[in-house]
Amino acid sequence: MEVESLATEMETAVRVVHLASSLCVKVQEKLRLPSSTNGGGDVKSKDDDSPVTVADWGVQAIVSWVLAEVFGSHNLSIIAEEDTESLTKSESVILLGAVSNAVNEALSEAHKYGLPKPDKPLGSDDILKAIGRCNSTGGPKGRHWVLDPVDGTLGFVRGDQYAVALALIEDGKVLLGVLGCPNYPVKKEGLSNGCNQTESGSVSKGCVMYAKRGSGQAWMQPLHPGGYPESARLLTASTVDDPVLATVCEPVERANSNHLFTAGLANSMGVRKQTMRVYSMVKYAAIACGDAEVFMKFAQSSYKEKIWDHAAGVVIVEEAGGVVTDAGGRKLDFSKGVYLEGLDRGIIACSNQVLHDKIIGAVYASWESSSL
């Protein structure tokens with residue numbers, strides 16, 4: 001498929017991620033209030049004990065509804081993280097109400113982002129239908145939208161980094177990716193130190209990054225509180241190719257990343273800077289815009305990577321000039337369904353090919369002495 005033919009898909013994806021990010025900002029501000037003020041119950045736990053919030057369901061509903069309005073619901077395939085099981089339980093009436101309120105408040109401003117808006121507020125059934133529509137399992141054939149409504153929900157709940165991630169895959173290839181990063185800091189030091197905030201405590205910066213496969217370009221737009229921005233700037237990954245000078249990122253959570261191996265690997269390469277532990281696909285964003293050079297993730301053998309945690313970030317990094325592979329140097333395979341099957345040990349994203357080759361070499365040299 002020609003890159004030019006994705007104009008409507010790209011524009012819709014970028015605009016809906018702006019809208020979804022605005023919902024997230026409002027919900028996160030509410031979560032920062034005392035529980036007696038925000039009504040409580042806005043955060044639930046899933047079966048794996050990871051949190052899910054009003055924003056997760058709200059974003060999924062908005063993106064699903066908008067995509068269906070623009071492209072039609074017939075044969076619309078959306079792969080997304082959340083389902084409606086928790087929301088349909090009798091004890092979740094208040095929670096579903098909170099999701100409905102957040103969704104309708106956001107959609108009432110859809111026209112400011114150049115998107116369709118409903119003629120009347122969506123009812124609970126409409127919202128559950130939109131969330132439930134995102135039940136595709138992907139695969140090697142066809143076109144699939146891939147959504148992580150709030151990537152890094154733990155960071156979101158803690159007032160830290162998170163991302164809204166939307167990608168389009170066709171026949172196993174990622175065609176475009178969009179990352180909404182409402183708390184992306186003005187200074188990269190803020191990445192490992194929570195949000196970059198103004199003196200009043202409000203988030204001082206946020207952005208949406210996006211790229212089309214094969215364009216050789218990745219772009220960043222600022223997040224505007226009340227509408228779609230007119231400006232965008234080109235992103236260029238760092239040219240630093242000496243590991244000693246590189247800034248390295250890794251996940252915060254120990255449950256799905258081997259911090260000890262990453263630390264040993266960084267030490268063996270002489271990396272001087274302290275590794276930054278960052279929530280969500282913001283790690284990919286940091287590489288794409290030149291604030292970091294390396295993202296390494298070596299999960300435990302029992303952990304399976306999901307495509308919605310990587311698809312959007314991978315294409316943005318690659319179009320900005322970076323390289324993303326597994327630890328064996330092979331491209332990530334998005335054609336196997338919900339999971340990234342066949343990964344060799346882990347995932348390595350670098351800002352340029354020279355640095356990537358050095359990291360891959362260091363992985364092979366370190367692997368035999370590791371406990372993995």
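Over the ring of which residue does the charged end of K304 sit? The charged end of K304 sits over the ring of Y339, 4.3 Å from its centre. A charge is taken to sit over a ring if NZ of Lys or CZ of Arg is within 6 Å of the ring centre and within 35 degrees of the ring normal.

**Model and confidence**

This is a predicted model, in which local features need pLDDT of at least 70 and side-chain atom pairs count only at pLDDT 80 or more, while totals for chains, interfaces and linings use all residues. Residues are numbered from 1 along each chain as its sequence is written, and side-chain values use heavy atoms, with hydrogens and water left out. The protein chain has a mean pLDDT of 90 (the predictor's confidence in each residue, from 0 to 100), and 88% of its residues reach 70 or more. Over residues 193–203 pLDDT stays under 50, and the model has 20 contacts for them beyond four places in sequence. Contact means heavy atoms within 4.5 Å.

**Annotated positions**

UniProt, in an unreviewed entry, lists E81, D148, D151 and D309 for "binding site". The UniProt positions are given in the numbering used here, with feature names shortened, and annotations may be inferred rather than shown by experiment. These residues are spread over 229 residues of sequence but cluster in space, the largest C-alpha distance being 9.4 Å.

D148 is in strand β4 (residues 143–151), and D151 lies in strand β4 as well. Helices (H or I, at least four residues) and strands (E, at least two) are DSSP runs, numbered from the N terminus. D148 counts as buried at 1% relative accessibility, and D151 is buried with a relative accessible area of 8%. Buried means under 20% relative accessible area, exposed over 50%, and partly exposed in between (1.4 Å probe, protein chains only).

Not counting residues up to four places away in sequence, D148 touches E81, A163, V164, A165, W308 and D309. With neighbours within four places likewise left aside, D151 is in contact with Y162, A163, S280, M281 and D309.

**Backbone**

S280, one of the contacts of D151, has a positive phi of about 70° although S280 is not a glycine. S280 lies in the loop between β11 (276–277) and α8 (282–288) and is buried, with a relative accessible area of 9%. R345, also a residue other than glycine, has a positive phi near 70°. R345 is found in the loop between β13 (323–326) and β14 (347–350).

**Aromatic pairs**

The structure holds four aromatic pairs, and two of them are tabulated here. Rings of Phe, Tyr and Trp (its six-membered ring) pair if their centres lie within 6.5 Å; planes under 30 degrees apart count as stacked, over 60 as edge-to-face and the rest as tilted.

| Pair | Centre to centre | Angle between planes | Class |
|---|---|---|---|
| F156 and Y162 | 4.8 Å | 85° | edge-to-face |
| Y284 and F295 | 5.1 Å | 90° | edge-to-face |

The charged end of K283 sits over the ring of F295, 5.4 Å from its centre.

In the other tabulated pair, F156 is buried with a relative accessible area of 0%, and Y162 is buried with a relative accessible area of 0%. Y162 is also one of the contacts of D151.
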